[in-house]
Amino acid sequence: MKTAVVTGCAGFIGSHLVESLISDGYRVYGVDKLDDYYPAKLKVQQIAPSLQSPSFSLDVLDLADAPALTAYAAKIPRPSVVVHLAAVAGVRLSVTDPARYVRANLVATQNVLDAWSRPSGIPLVFASSSSVYGNNSQAPFSEDEPCIEPPSPYAATKRGSELLCNVAHQIHGAPITMLRFFTVYGPRQRPDLAIRKFSTAILRNHEVTVFGDGSMARDFTHVRDIVRGITFAMRETSGFRTVNLGNSSPCTVTALVDKLGHALGIAPRVRLIERPAGEMNVTFADVTRAAKLWGWKAEVTLDAGLAEFATWLKQEESQGRNP
């Protein structure tokens, strides 16, 4: 049986990936700290269906605790692949509490490399972020950009984790594929992310708070497309590569709010506030490499994805599960 370790398994992307892997016949070992960045009860709800499967197990573990991770890794059979999704996300909190991000992202990533990929050659898929490109990369963003000016501590820890992966490959030959995700959305999206925050405000007839003048643009990518990309990356058993996964079609925040209003059937009320530090002007993925390697491209259009998300969120709201 194919086996996979998935860190951050109870998160938004992780819970979708676990379901997909179980469906594909994997035995999945899930690891999650259940960090309080957003309510842990939501993560428990997200992973609960997978816990009913005999092909999945969940261990609550802080990956920054090296002895605990080493002990855990020693107890499970050699996995076919490790997918490292776990991280503390969010730009604005990273500006006020950067040390938390260094521990949860950089230290944890090195520990994961030490536990699996570096000593044993087990393939690793690392989840990075479009934020590493910063505001001085040329759009659309190519994986060959130097990425030397990350705009926030969060972006810096993601870029630093990429460099640690590169070192593990150079020195130890660890087979690693790094995926740069571009603004992932869909059912179960984190409560702090724009699409869910805006939609919740619209449903409750609250003002939608928009940073700046609404001209910031994001390359919104549906979680199903991201999971497809991860599963392609999991098949790579040698070498080192960095691959963008994005919709390659940026949408401004102003246009996004309009689209959400249409999907929800409610006219939004917008309030503009000062743009905080650390935000990127635009994210825009060049996905040429993903297409050449795997024939991958985003399949879910933003309008279709937002309509699906609106249906899901209305159900969550009606059942009192939307914080």
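This is a predicted model: local features need pLDDT of at least 70, side-chain atom pairs count only at pLDDT 80 or more; totals for chains, interfaces and linings use all residues.

**A helix pair and a pocket**

Helix α7, residues 194-203, packs against helix α9, residues 253-264, at an angle of about 50°, and their axes lie 10 Å apart. That angle makes α7 oblique to α9, because angles from 65 to 115 degrees count as roughly perpendicular and those under 35 degrees as roughly parallel. The crossing of α7 past α9 is right-handed.

Which residues make the contact? From α7 they are Ile-195, Phe-198, Ser-199, Ile-202 and Leu-203. From α9 they are Val-253, Leu-256, Val-257, Leu-260, Gly-261 and Leu-264. By class, the residues of this contact of α7 with α9 comprise 9 nonpolar and 2 polar, with no charged residue.

I now turn to the pocket. The second largest pocket of the model has a volume of about 180 Å³. Its lining consists of Leu-42, Gln-45, Gln-46, Pro-49, Arg-188, Arg-196, Trp-312, Glu-316 and Arg-321.

Which helices each supply at least two residues of that lining? They are α2, spanning 40-51, and α11, spanning 302-318. The largest share, 4 residues, is contributed by α2.

How do the lining residues of the second largest pocket divide by class? There are 3 nonpolar, 2 polar and 4 charged residues. To place the two sites side by side: the lining of the second largest pocket includes 4 charged residues, whereas the contact of α7 with α9 has no charged residue.

Methods: Residues are numbered from 1 along each chain as its sequence is written. Side-chain values use heavy atoms; hydrogens and water are left out. On a 1 Å grid over the protein atoms alone, a cavity is a set of points where a 1.4 Å probe fits but cannot get out, and a pocket is an open set with protein on both sides within 12 Å along at least five of seven lines; lining residues have an atom within 4 Å of a point. Grid points are joined across faces, edges and corners, and a volume is the space filled by probe spheres set on the points. Ala, Val, Leu, Ile, Met, Phe, Trp, Tyr, Cys and Pro count as nonpolar, Asp, Glu, Lys and Arg as charged, and the others, Gly among them, as polar. Axes are lines fitted to C-alpha atoms, for helices over the stretch in contact, and angles run from 0 to 180 degrees between N-to-C directions. Angles under 35 degrees count as roughly parallel, over 145 as roughly antiparallel, 65 to 115 as roughly perpendicular and the rest as oblique. A crossing is left-handed if the near helix is turned anticlockwise from the far one by less than a right angle, and right-handed if clockwise. Contact means heavy atoms within 4.5 Å.
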